Amino acid sequence: MNLDIHDKKIPIIKIRDFLIVSIQVDMHDKLAVQLQSQILHEIERTGAKGVLIDISVLEMVDSFIGRMLSGMASMAAIMDAAVVIVGMQPAVAITLVELGLEMPGVDTALDMEKGMEMLEKKLREKES
């Protein structure tokens, strides 16, 4: 069976109350749309309370991918799950600002450890 690179799925791992999504390939529009749907289905299926998305491998994020990430955070919030994006490279942050793209509702952290801490803190605050 031959899989085109555009047919690949990004693995989503559940650890405790959180989904871990580590993007290890270049994102293209079709994959971003597929990932958004995949994450929302996993939130529904597992009852996850948070999603950690590692984009450290991404060297470029265009306005479409940026909007997809922002939209994903909004949709996850509606489904009662927080989203933290980790590992954003400086060039990606510069591009997003230059594009004037705001990502409301999207929390960011430098690395996975800090991202997990943010999600755990959000969950504790919600439960108290």
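Helices (H or I, at least four residues) and strands (E, at least two) are DSSP runs, numbered from the N terminus. With that in hand, here are the views.

View 1. What you see is a predicted model, in which local features need pLDDT of at least 70 and side-chain atom pairs count only at pLDDT 80 or more, while totals for chains, interfaces and linings use all residues. Residues are numbered from 1 along each chain as its sequence is written, and side-chain values use heavy atoms, with hydrogens and water left out. The C-alpha trace spans about 45 × 40 × 25 Å along its principal axes. A compact globule of 128 residues would have a radius of gyration near 14 Å, and the protein agrees, with 14 Å. (That radius is taken over C-alpha atoms, and the globule rule is 2.2 Å times the number of residues to the power 0.38.) Of the 128 residues, 41% are buried, where buried means under 20% relative accessible area, exposed over 50% and partly exposed in between, with a 1.4 Å probe and protein chains only. Take the contacts (heavy atoms within 4.5 Å) with a separation of 6 or more: residues 24 or more positions apart account for 75% of them.

**View 2. Five strands line up as an open sheet in the order β1-β2-β3-β4-β5, with mixed pairing.** Two strands pair if DSSP finds at least two bridges between them. The edges belong to β1 and β5 (107–109), each with a single partner strand, so one side of each has no neighbour in the sheet. From one strand to the next, the twist averages 25°. (Axes here are lines fitted to C-alpha atoms, for helices over the stretch in contact, and angles run from 0 to 180 degrees between N-to-C directions.) β1 and β2 run antiparallel and are joined by four bridges; K14, for one, has L19 in β2 as its bridge partner. β3 and β4, on the other hand, pair in the parallel sense over five bridges, and I53 stands opposite I85 in β4.

**View 3. β4 is largely enclosed by the rest of the structure, because five of its five residues are buried.** Look at where they point: A82, V84 and V86 go one way from the strand, V83 and I85 go the other way, and all are buried.

**View 4. Here is helix α1, residues 29–46.** Its 18 residues reach 26 Å from first C-alpha to last, close to the 26 Å expected at 1.5 Å a residue. (The expected span is 1.5 Å times one less than the number of residues.) Its buried residues are L31, A32, L35, Q36, Q38, I39, L40, E42 and I43. What covers them includes β1 (12–15), β2 (18–22), β3 (50–54) and α2 (63–78). Just after the helix, G47 takes a positive phi of about 70°.

**View 5. Helix α2 has 16 residues, and its end C-alpha atoms are 23 Å apart.** That agrees with the 22 Å they should span at 1.5 Å a residue. The buried residues of α2 include I65, M68, L69, M72 and A76, and their cover includes α1, β3, β4 and α3. S70 also sits in this helix and counts as buried, at 11% relative accessibility. Not counting residues up to four places away in sequence, S70 touches E102, M103, P104 and V106.

**View 6. The largest nonpolar core holds 32 residues.** A nonpolar core is a set of buried Ala, Val, Leu, Ile, Met, Phe, Trp, Tyr and Cys residues joined through side-chain atoms within 4.5 Å. V21, I23, M27, I39 and I53 touch the most other members. β2, α1, β3, α2, β4 (82–86) and α3 (90–98) each give two or more residues to this core. Apart from it lies another core, of 10 residues, among them I20, V84, L119 and L123.

**View 7. F18 has its place in strand β2.** Its relative accessible area is 2%, so F18 is buried. Leaving aside neighbours within four places in sequence, F18 is in contact with I13, A48, K49, G50, M116, L119, E120 and L123. F18 and M79 are 61 residues apart in sequence and 13 Å apart in space, C-alpha to C-alpha.
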